[in-house]
Amino acid sequence: DDLATFNQRVTAALAPGDLMFDLEYRFAGRDGQYQWLHTKGRVIQRDADGAPLLAVGTTTNVQARKEAEARAKKDAEERAKREAEFKKREGELNDTGTKLRADMDKLDKEGPTLSEAERTRRQRDLSEQQRDFERKRRELMEDLNTRKNEELAAVTERASKVIKQIVEKADGPVITLRMPLSLLDKGQPTP
C-alpha cells in the first residue's frame, strides 16, 4: 500500500523545483514487523541540468505515536458507545418520570370522584412505580460514576506508564509533581 505512495512522493521531490518530501508510511523490517516511519527532506543541491546531487532529511520512528493514536481512537469510540448507552437509559428514565408525574396529576384530578378502594389501589400502584423509578435512577447514577472512575483509573495508569518511561530515559534528575485533578476542574493555576 505505502510503497506506491512513497515512490511517487520521492519521484516528485527529486524532480526539478523546491519540493519538500514529507511522508508517514509503514516499513517492513527484516523481522517482518511493520513500523511506522516519518521521513522529511528535500534536495539541497542540483547540477546544471536540475538533476539532484545532494538531499538532506530525517527519518523518525513514529510507531509509538501511531499506536497511541490508535488507542485514543479506540478509547474515543468506546467512550462514545458508553455515552450513547447512558443517554438512552437516561432518556427512558426521563420518559418514565414524565409518565409517572402525569399519572400522579391524573390521580389528583380524579381522586375526589373515585371510590376509596380505587383511589387506594392507584396510590399504591403509583407508590410502587415511584420506588421503581427512584431505584432505576440510583442505578443509572451508580453505573455512570463507576464508568467515570474506571476511565479516570485508565488515564492515570497510562500517565504513570509514560512518566515511568520518561524517568527511565532521563539523564538527570526528574521532578514529579502531584496535584489533585480537582484543581484542574476548578480553573486553578497549574504548577
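Phenylalanine 27 stands opposite glutamine 35 in strand S2, and this pair belongs to the 9 bridges that join S1 to S2, two strands that run antiparallel. Strands are taken here as DSSP runs of E with at least two residues, and helices as DSSP runs of H or I with at least four residues, both numbered from the N terminus; two strands are said to pair if DSSP finds at least two bridges between them. S1 and S2 form a hairpin with 5 residues between them, and glycine 32 in the turn has a positive phi of about 85°. The structure is a predicted model, in which local features need pLDDT of at least 70 and side-chain atom pairs count only at pLDDT 80 or more, while totals for chains, interfaces and linings use all residues. Residues are numbered from 1 along each chain as its sequence is written, and side-chain values use heavy atoms, with hydrogens and water left out.

Strand S2 (residues 34-46) is also joined by 9 bridges to strand S3 (residues 52-61), and these two strands run antiparallel. Arginine 46 stands opposite proline 52 in S3, and in the hairpin of S2 and S3, which has 5 residues between the strands, glycine 50 takes a positive phi near 90°. Leucine 54, which lies in strand S3, is partly exposed, with a relative accessible area of 40%; the term partly exposed covers values between buried (under 20% relative accessible area) and exposed (over 50%), computed with a 1.4 Å probe on protein chains only. Leucine 54 and valine 43 are 11 residues apart in sequence, yet 5.8 Å apart in space, C-alpha to C-alpha. When residues up to four places away in sequence are not counted, leucine 54 touches Arg42, Val43, Ile44 and Gln45, where contact means heavy atoms within 4.5 Å.

Together, 3 strands form an open sheet in the order S1-S2-S3, with antiparallel pairing. The edge strands are strand S1 (20-28) and S3, each of which pairs on one side only, and the twist averages 30° from one strand to the next. Helix H1 (residues 2-14) packs on the sheet, touching S1, S2 and S3, and its direction makes about 155° with that of S1. H2 likewise packs on the sheet and touches S1, S2 and S3, its direction making about 130° with that of S2. For these angles, axes are lines fitted to C-alpha atoms, for helices over the stretch in contact, and the values run from 0 to 180 degrees between N-to-C directions. Glutamine 63, found in helix H2, is buried, with a relative accessible area of 15%, and touches Tyr34, Gln35 and Trp36, not counting residues up to four places away in sequence.

The largest nonpolar core has 8 residues, namely Phe86, Leu93, Leu100, Leu107, Leu114, Leu126, Phe133 and Leu140; such a core is a set of buried Ala, Val, Leu, Ile, Met, Phe, Trp, Tyr and Cys residues joined through side-chain atoms within 4.5 Å. Helix H2 (63-110) and helix H3 (116-169) are the elements that give two or more residues to this core, and the largest share, 4 residues, comes from H2. A second, separate core of 5 residues includes Ala13, Phe21, Leu23 and Tyr25.
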